[in-house]
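I opened this notebook to record what I looked up on charged side chains and their partners. The entries follow in the order of my reading.

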Amino acid sequence: MVTEAEVWEALAEVPDPEIPVISVVDLGVVRGVRVDGERVHVEFTPTFLGCPALEVMRSQMAERIAELGAEPEVEVVLDDSWSTDKITAEGREKLREAGLAPPTPRGEGTTLVQLQANGFRCPYCGSRDTALENIFGPTPCRSLRYCRSCKQPFEQFKTI
């Protein structure tokens with residue numbers, strides 16, 4: 001029989017389909033795991049209600065659980081409860097290392113950071129001298145920014 005800890009470990013290996021440098025666990029979309037005999041029930045909430053990767057995430061998690069020898073039940077909870085505050089510290093570091101500026105958790109640092117001209121640090125050089133290039137990134141949860149110091153473009157994970 002599989003344990004809850006083994007399921008969490010397995011899910012930590014499932015990459016987010018749109019940002020593969022971070023797992024679904026580090027992204028904070030996995031809300032809970034319950035093991036009931038041979039059946040494993042997982043609840044997860046996508047980053048936003050219209051997430052195009054929803055079914056991919058569900059099938060990847062179910063496949064990983066099945067590889068453990070358990071029967072997966074992966075439930076999508078669409079109550080709009082995910083926020084960028086759910087990204088783990090490790091996940092934020094993985095985003096930064098990949099050149100994507102992670103959002104600052106609420107209650108840490110500045111408030112209303114999106115209204116401040118220099119609120120986002122460049123993930124490459126750390127400068128706050130950055131500019132919003134395009135509010136629309138490759139997905140609705142990301143924007144495109146430009147660092148005036150090192151001249152690198154980078155993606156910013158929007159604070160949700």
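I looked up E71 and found this residue partly exposed, with a relative accessible area of 41%; buried stands for under 20%, exposed for over 50%, and partly exposed for what lies in between (1.4 Å probe, protein chains only). The model is a predicted one, in which local features need pLDDT of at least 70 and side-chain atom pairs count only at pLDDT 80 or more, while totals for chains, interfaces and linings use all residues. I number residues from 1 along each chain as its sequence is written, and side-chain values use heavy atoms, with hydrogens and water left out.

Entry on R39 and E71. I noted a salt bridge between R39 and E71, with the closest N and O atoms 2.8 Å apart; the term requires a side-chain nitrogen of Lys or Arg within 4 Å of a carboxyl oxygen of Asp or Glu. R39 belongs to strand β2 (residues 39-44) and E71 to strand β3 (residues 71-76), so the pair ties together parts 32 residues apart in sequence. I took helices (H or I, at least four residues) and strands (E, at least two) as DSSP runs numbered from the N terminus. R39 is partly exposed as well, at a relative accessible area of 34%.

Entry on the total. I recorded eight salt bridges in the structure. Side chains of opposite charge can pair when their charged atoms come close.

Entry on R64 and E13. I found the side chains of R64 and E13 joined in a salt bridge at 2.7 Å, N to O. R64 sits in helix α3 (residues 54-67) and E13 in the loop between α1 (4-11) and α2 (24-27), so this pair links parts that are 51 residues apart in sequence. E13 is exposed, with a relative accessible area of 54%.

Entry on D26 and K94. I listed a salt bridge between these two side chains, D26 and K94, at 2.6 Å, N to O. D26 is in helix α2 and K94 in helix α4 (residues 89-97), so the pair ties together parts 68 residues apart in sequence. I read D26 as buried, at a relative accessible area of 9%, whereas K94 is partly exposed at 32%.

Entry on T130. I located T130 in strand β5 (residues 130-134) and found T130 buried, at 1% relative accessibility. The T130 side chain makes a polar contact with the side chain of R145 at 3.2 Å. By polar contact I mean a pair of N or O atoms within 3.5 Å; within protein, one must be able to donate a hydrogen and the other to accept it, and residues adjacent in sequence count only if both atoms are side-chain atoms.
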